[in-house]
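Q: Hi! Could you walk me through this protein and its ligand? I'm new to reading structures.

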Amino acid sequence: MTDVLTDKVARFVRAAGPSPDDTLREMDEYAAESGFPHVGPEVGGTLALLARMTGARSVFEFGSGYGYSAYWFARALPDDGRIVLTEIDEDELEMAREYMQAGGFGDIAEYELGDALEIVERYDGPFDLVLLDHQKRRYPEAFEAVRSKVPVGGAIVADNAMTADSIQFETVLEFLEARDRGPERRNDDLTEDIPNEATDATRGIATYLATVRDDEAFETTVLPLGEGIAVSYRTE
Ligand SMILES: C[S@@+](CC[C@H](N)C(=O)[O-])C[C@H]1O[C@@H](n2cnc3c(N)ncnc32)[C@H](O)[C@@H]1O
């Protein structure tokens, strides 16, 4: 797996960034012990920052795990805000519920057990911020499902935009560099340009990044934090 940040740079970002509270520290310890792939404090602090900068009131997450990313978002939401957590693993969702309650965010959180792609269909939105952190191969589908529910001034954040065990970094890079940009390409069959040997996750990430880059209604920047996050801000 390609390292996005060196250990020293990651330490620097953590040291200079917002302080985790006791619950977040406990959640970080759980990730370290269990090997659970949470977004980590560098991305967590950025999610909270995005929530504050966009004045977000409502958030939807695809793949909440035990609630780590949701907790960072919740710290930046108003008391009457709302965050929808989705998770296919019942035990993880229960842990998320306990951590969110420990942080005092029980009232603003909704917990949905099941496939995020099905759950999102039951919500009208609007969602000022959306986090994609479920199956990488399904990011393009998730984008199509949630696109119209994100208002101008809102944003979609996709984790693992640069790396993950199942993502072939060089393949995504070559695909993005080779492919022409432009809205006229938006409806092309993107998958034709991706090598056959690419993993499903690689295909999902490559397709997702080209789709959001070519979508005129969004402006996308990839931030090299954690495993890379693609932030797509809705401009129109
Ligand atoms: C990388 S983890 C999420 C981490 C979380 N965002 C955090 O920062 O702690 C991905 C999670 O997505 C869940 N998941 C996978 N497919 C899903 C789906 N279709 N709908 C909802 N959750 C899903 C997995 O069970 C796993 O807990």
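Q: How far is a nitrogen atom of the ligand from an N or O atom in the side chain of Asp-115?
A: They are 2.9 Å apart. Keep in mind that this is a predicted model.

Q: Okay, and what about Gln-135: how far is its polar side-chain atom from a nitrogen atom of the ligand?
A: That distance is 2.8 Å. As for the ligand's surface, it has 600 Å² of accessible area on its own, and the protein covers 90% of that. Ser-69 also has a polar side-chain atom lying 2.9 Å from a nitrogen atom of the ligand.

Q: Which residues around the ligand come nearest?
A: Out of 20 residues around the ligand, the nearest are Glu-87, Glu-92, Asp-115, Asp-133 and Gln-135.

Q: And how do the residues of that shell divide into nonpolar, polar and charged?
A: Six are nonpolar, nine are polar and five are charged. Helix H4 (68-75) and strand E2 (82-87) each provide at least two residues of the shell.

Q: Let's stay with strand E2. Is Thr-86 buried or exposed?
A: Thr-86, which is found in strand E2, counts as buried because its relative accessibility is 0%, and the cut-off for buried is under 20%.

Q: What is Thr-86 in contact with, leaving aside neighbours within four places in sequence?
A: Its contacts are Phe-60, Glu-61, Phe-62, Gly-63, Ser-64, Glu-112, Ala-116 and Ile-119. With Gly-63, a polar atom of the Thr-86 side chain lies 3.2 Å from the backbone nitrogen.

Q: New topic: helix H9. How many of its residues are buried?
A: 12 of the 15 are buried, so H9 is largely enclosed by the rest of the structure. Among them are Ala-201, Ile-205, Leu-209 and Val-212.

Q: What covers the buried residues of H9?
A: The cover includes helices H7 (139-146) and H8 (169-178), along with strands E4 (129-132), E5 (155-159), E6 (218-223) and E7 (229-234).

Q: How far apart are the end C-alpha atoms of H9, and what span should it have?
A: Both values are 21 Å: at 1.5 Å a residue, the 15 residues of H9 should span 21 Å, and the end C-alpha atoms are 21 Å apart, which agrees.

Q: Last one: what lies 2.6 Å from a polar atom of the Thr-211 side chain?
A: That's the backbone oxygen of Thr-207. Thr-211 is in helix H9 and counts as buried at 13% relative accessibility. Setting aside neighbours within four places in sequence, Thr-211 is in contact with Phe-143, Glu-144 and Leu-190. The C-alpha atoms of Thr-211 and Leu-190 are separated by 8.3 Å, although the two residues are 21 residues apart along the chain.

Note on methods:
Residues numbered from 1 in each chain as written. Predicted model: local features only at pLDDT ≥ 70, side-chain atom pairs only at ≥ 80, totals over all residues. Heavy atoms only, no water. Near = heavy atom within 4 Å. Polar contact = N/O pair within 3.5 Å; in protein donor to acceptor, adjacent residues only side chain to side chain. Areas by Shrake-Rupley, 256 points an atom, 1.4 Å probe, with all protein chains shown as cover. Helix = DSSP H or I, 4+ residues; strand = E, 2+ residues; numbered from the N terminus. Nonpolar A, V, L, I, M, F, W, Y, C, P; charged D, E, K, R; others polar. Expected span 1.5 Å × (residues − 1). Buried < 20%, exposed > 50% of the residue type's maximum accessible area, 1.4 Å probe, protein only. Contact = heavy atoms within 4.5 Å.
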